Amino acid sequence: MKPARNTVRRLSAILVADLVGYTEHMRADEKATLRQVKADLQSRFAPKIKVHHGRIVKTMGDGILAEFGSAVDCVECAIALQPVLATKAARFTYRMAVNVGDIVIERKDIYGDGVNLAMRLQAIAGPGEIVISNDAMRQVHGKVNASFHDMGEHAVKGVTEPVRIHRVVSTPKRGKVRVPPTKLVMPLLAAASIAVLPFDNLSGDPDRTYFSDGITNDIITDLSKFSQLFVLASHSVFTYKNQGADVREVSRALGVRYIVEGSVQNAGDRVRINVQLVQGVDGRHLWAQRYDRPLREIFALQEEIVQTVVATLVARVHSSEQQRILGSKPDSLEAYDAYLRGRAAFAHWTHESNIEAQVYFRQAITLDPGYALAYGYLSYTLVQSWLGGWEQSSDIPRLARDLARKAVDLGPSDCDNHWSLAAAYLVNRDFDKSVGAYERAAQLNPNSPNLLVDMAECLVYVGRSVDAIATIERAMQLNSIYPDWYLWTLGIAHYHAGNYEQSVAALTRGNPPNLARRHLAAAYVRLGQIDDAKRTVMEFLSNDPTYTLGRERGWPYRDPETLKALRADLIYAGLPEETAERTDSGGAG
């Protein structure tokens, strides 16, 4: 429609707020509803909109339409309104949406595509939530005190192409719960979003902590495989270990509706586990149970806990899906103990801990030859040793692949086994199969951010660094309190994508391991900061004085030119080249 001569076009930020359940409220008491909406407009909306330099264009019975000259002001206003509308005095719940787009101004009213899209988006928002368009998110990202959950693309009525939208998550004030200020906070993603806090070790023996941690991890893993649940990553929840935090504060900080907490106590040949399910918003206990069983029944006990929690949260979980996901547990308690110890050692990512992990996983296999996860983790431990340059035998990639295939044969429904096979395919330079196995693992467990970051490393090796960066950023959204190795992988991906400043920024945050200093030195070379590059190399060699680039025959880059360029940067930075004594080392196999 061609605008009349007294109309004006301009780019504006649009805020739409809508009363949830307006029709039901009107049916119950029309006069009271209209009176309350008017009161909310005057006492709650109007002051916040004014202070954020916006104007109320009009009220629409069940909500308001407001315009701002700045997207930042608009989003900050919506964030400021959330707690005001959520006070005990607030009778009604509102949903809000923000869009940035072209509008037509006619007298005091506004209309156009920018307004229409904002109207459509508010219908997608949940009660009390704020959603914004991708255009708005790009303008405010990094400028407001909030994080953004990518909700993907949505078909919107009246818009030809799908629209990407984001949920805004305002950063809560910190109380007793300590969340690192540099990390993002998770949104309330779904009715069945859940965090499993680290189970307390009540055994009186600090050396048994690995057992309670292992129980916690296994429950998280089993729960996360149910598509009906959004389960927070283990690293996020382990931040609260031994803190005694209020579950309501944890719920707000992590953005989940439900909390599982408990304790584990070993007493002789028995194990006692207390577990409870808490509604995070008000701390109300929904379910609690105490288990006192012979230690040999621990695997059946874990399965019972998982099934009970799921039954409480998700009304309809098909019984066959439960059986497929939970799978079988090892027959030997000693094998499980060895497996848990191996996993704890593996996580340190050093040569010594790698050797220790191999010993434990082999012990688990000896005790229980049908233990699929032990084969898979032993395979990945060998991959770790190959990529770290600690194992040079050409038999390592093949052995890792055979072990991972055995794991998949024994446990075809377990995400971790396909994950191990993907890593083994990578070091065998079977790139397409590696990517395929990673994708299969992600299908089996869509809530594993660690899997996504590991897959991103594979994408770097196959030459898809831009995709790798996007994958890591998605993982960081899933795991708001992510470990430092996410930054390590992100920095490497940025280096190979040519984003050298971003590479240095990622690799100098947190506490990446010594191996990450290689790519940091290479990024400094690309930036022309040679003194920093040489200093980084000296730090690296002080921790690994026998290192030479001859170890890196295991780097599985698909494009030999990529590896050649990296080696040139590292040599320029001062890393020693291959020595004569090491020229007989094996290749990738």
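Here is a friendly chat about a few spots in this predicted model.

Visitor: Is E67 buried or exposed?
Guide: E67 is buried, with a relative accessible area of 5%. Buried here means under 20%, so E67 falls in that class.

Visitor: What does the side chain of E67 make a polar contact with?
Guide: With the side chain of S12, at 2.6 Å. Leaving aside neighbours within four places in sequence, E67 is also in contact with several other residues, including A13, I14, V57 and I110.

Visitor: I spotted R55 too. How do the side chains of R55 and E67 meet?
Guide: They meet in a salt bridge, 3.0 Å from N to O. R55 lies in strand 2 (residues 54–59) and E67 in strand 3, so the pair ties together parts that are twelve residues apart in sequence.

Visitor: And R55, how is that one placed?
Guide: R55 is partly exposed, with a relative accessible area of 30%, whereas E67 is buried at 5%.

Visitor: How many salt bridges are found in the whole structure?
Guide: A search finds 16. One of them joins the side chains of R44 and D40, at 3.2 Å from N to O.

Visitor: Where do R44 and D40 sit?
Guide: In helix 2 (residues 30–51), four residues apart, so about one helical turn separates them. R44 is buried, and D40 is buried as well.

Visitor: Which residues are linked with R398 in a network of salt bridges?
Guide: D395, R401 and D402 are linked with R398 in that network. The side chains of R398 and D402 meet at 3.5 Å, N to O. Both residues lie in helix 14 (residues 395–410), four residues apart, about one turn of the helix.

Visitor: Are R398 and D402 buried or partly exposed?
Guide: R398 is partly exposed, with a relative accessible area of 38%. D402 is partly exposed too, at 35%.

Visitor: New topic: helix 12. How many residues does it have?
Guide: Helix 12 (residues 351–367) has 17 residues, and it reaches 25 Å from its first C-alpha to its last, close to the 24 Å expected.

Visitor: Which residues of helix 12 are buried?
Guide: S353, N354, A357, Q358, F361, A364 and I365. Seen down the axis of helix 12, the buried residues fall within an arc of 145°, so they line one face of the helix.

Visitor: What do they pack against?
Guide: Helix 11 (333–346) and helix 13 (372–387).

Visitor: And the other side?
Guide: There, E352, V359 and T366 are exposed.

Conventions: Residues are numbered from 1 along each chain as its sequence is written. This is a predicted model: local features need pLDDT of at least 70, side-chain atom pairs count only at pLDDT 80 or more; totals for chains, interfaces and linings use all residues. Side-chain values use heavy atoms; hydrogens and water are left out. Helices (H or I, at least four residues) and strands (E, at least two) are DSSP runs, numbered from the N terminus. The expected span of a helix is 1.5 Å times one less than its number of residues. Buried means under 20% relative accessible area, exposed over 50%, partly exposed in between (1.4 Å probe, protein chains only). The arc is that of the directions from the helix axis to the C-beta atoms. Contact means heavy atoms within 4.5 Å. A polar contact is a pair of N or O atoms within 3.5 Å; within protein, one must be able to donate a hydrogen and the other to accept it, and residues adjacent in sequence count only if both atoms are side-chain atoms. A salt bridge is a side-chain nitrogen of Lys or Arg within 4 Å of a carboxyl oxygen of Asp or Glu.
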